Amino acid sequence: MRTILVVGGGYAGFYTAWKLEKKLRPGEARVVVVDPRPYMTYQPFLPEVLAGSVEARHAAVSLRRHLRHTKLISGRVVKVDHAHRTATVRPAEGPDFPLGYDILAVTAGAVTRKLAVPGVAEQAIGMKHVEEAVAIRDRLLTAFDRAATLEPGPQRRKLLTATFVGGGFSGVEGFGELLSLATSLLRSYPELDRNELQFHLVEARDRILPEVTDRPGEWVVRSLQKRGAHVHLNAQLLAATDGHVVLSTGDEFDSELIVWTVGNAANPMVRSHTDLPIDGRGMLVVRADLRVGTESEPVPDAWGAGDDAAVPDLTAGRPGVAIVPNAQNAVRQGKLLAKNIVADLRGRKVRPYLHHSFGTIATLGLGRGIFQYHGIVIKGFLAWVMHRGYHVLAVPSWERKIRVFAVWLTAAVSGRDIVSLASVQDPRRAFVTGEEPGEPAVRSEHAQSA
Ligand SMILES: Cc1cc2nc3c(=O)[nH]c(=O)nc-3n(C[C@H](O)[C@H](O)[C@H](O)COP(=O)(O)OP(=O)(O)OC[C@H]3O[C@@H](n4cnc5c(N)ncnc54)[C@H](O)[C@@H]3O)c2cc1C
């Protein structure tokens, strides 16, 4: 029996394996998925996890629960030697080991792009993973608790200041959702004043949200500004040392929370540790049928999809244009990848990937959103309802849809949970020292003993 190795069980990999399970005949091939995480992250829900509108666990789709006929290996592929049909796996426990395969599907996604800005590595947090979204929310909630005990002044101002660096899709969504949470929190903190809350969105270009055209983009800026946000366009972050933000525009301020959403970089394993063809950006070179290689030089038994692959965009009408890496494409590519692998196994014709975008839809916070499809632009509450409707239908499996919907329904009646659980990062503290989270004197003693 042949082995199909899927590297990465995220969006594209999860759908590839899920469809392969359905399409393969018994005994035709076995599917192996390697991923260090036991779940696929439904990243479009992360901005709502930030805001406490979606439970963190509900944005994590369990691989074990949904891929029942797939062999799952908890580990990272650190090298692919396709010439010898062998991948090297670094498991969660124990030494690296070789894993032989017959057919390879590379769906390892991208990583957060990093820039060498002083202070960012120490202060900032990304927004690509569930744990990051949970930590951002907890940091904001903890900052509110701490600020409420202080007199007005620089420290309290810093605690109530949040900065997002990068005004792309995920940055704007996260910013809008967190702003919405922070604004609503003020009702529960009579000690704090609305004017003390400072939200900064920093974008190097002259506009945010490049997925929509100029005028809707300008509307998003205006609507964020109306909500009290500072949107810094044509501004680069020069430093964030100790939370002191310095921008190229000359603006400077202290910020407790700095969220780094400047976009994606190529997956390091794909870029540097395979013998497969890579383009100048470190993306896997794939053909329109998702086979690795070019029309003239296809690589046998190797396929790729999702954010790690430069898939030709057949809708562009000209060669050399790659498809926008997003979930809309990763899901469809994953499904097609499974179909094409099975077709190829059976000696049938494979199909090219061709998908006309459904448009762009983004949340900007509770009750606010924007949708654009060519010349059609919908703003505000209706767009937000469409956003929720689309994603609750798109999240894989009925049990996820029901869980997410139930939380939305509960929140509509009772509001969002506003408790910080930052203390889960130090769960033995009360047990070992008898101290409660947030006790300042004890905190420093504890830090010394830690
Ligand atoms: C906050 C946020 C919001 C978003 N919202 C939207 C949206 O509303 N609409 C939209 O269309 N898109 C959205 N996106 C983009 C979308 O989520 C991505 O385009 C999509 O997840 C890409 O799928 P993928 O399978 O290529 O990568 P991923 O989903 O990132 O999956 C990659 C998987 O590979 C694993 N992996 C990585 N390296 C290795 C390795 N060496 N070995 C084994 N496994 C490995 C990872 O652990 C991960 O599970 C959003 C992204 C973010 C961050």
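## Cavities and ligand shell

The largest cavity has a lining to which α5 (130-147) and β10 (161-165) each supply at least two residues. Helices here are DSSP runs of H or I with at least four residues, strands are E runs of at least two, and both are numbered from the N terminus. This is a predicted model, with local features needing pLDDT of at least 70 and side-chain atom pairs pLDDT 80 or more, while totals for chains, interfaces and linings use all residues. Residues are numbered from 1 along each chain as its sequence is written, and side-chain values use heavy atoms, leaving out hydrogens and water.

Overall, the protein has 14 helices and 24 strands. Its C-alpha trace spans about 75 × 60 × 45 Å along the principal axes. The radius of gyration (over C-alpha atoms) is 23 Å, which agrees with the 22 Å or so that a compact globule of 450 residues would have; that rule is 2.2 Å times the number of residues to the power 0.38.

Now for the holes. There are two cavities of 30 Å³ or more. A cavity is a set of points on a 1 Å grid over the protein atoms alone where a 1.4 Å probe fits but cannot get out, and lining residues have an atom within 4 Å of a point. The volume is the space filled by probe spheres on the points.

The largest cavity comes in at about 40 Å³. Its biggest contributor is α5, with four lining residues.

Around it sit G306, D307, A309, V311, I323, V324, P325, N326, N329 and Q333, and here the count is five nonpolar, four polar and one charged.

On to the ligand. It has 31 residues around it, of which A12, D35, Q43, V77 and D307 come nearest; a residue belongs here if one of its heavy atoms lies within 4 Å. Polar contacts (pairs of N or O atoms within 3.5 Å) include these:

| Residue | Protein side | Ligand atom | Distance |
|---|---|---|---|
| A12 | backbone N or O | oxygen | 2.7 Å |
| V34 | polar backbone atom | nitrogen | 3.5 Å |
| Q43 | side-chain N or O | oxygen | 2.6 Å |

Taken alone, the ligand exposes 1000 Å², and the protein buries 90% of that (Shrake-Rupley areas, 1.4 Å probe). The shell holds 14 nonpolar, 11 polar and six charged residues. At least two shell residues each come from α1 (11-23), β2 (29-35), β5 (71-81), α7 (169-185) and α10 (327-345).

Technical notes. 1 Å grid on protein atoms, 1.4 Å probe; cavity = no way out; pocket = protein on both sides within 12 Å on 5 of 7 lines; lining within 4 Å. Nonpolar A, V, L, I, M, F, W, Y, C, P; charged D, E, K, R; others polar. Polar contact = N/O pair within 3.5 Å; in protein donor to acceptor, adjacent residues only side chain to side chain.
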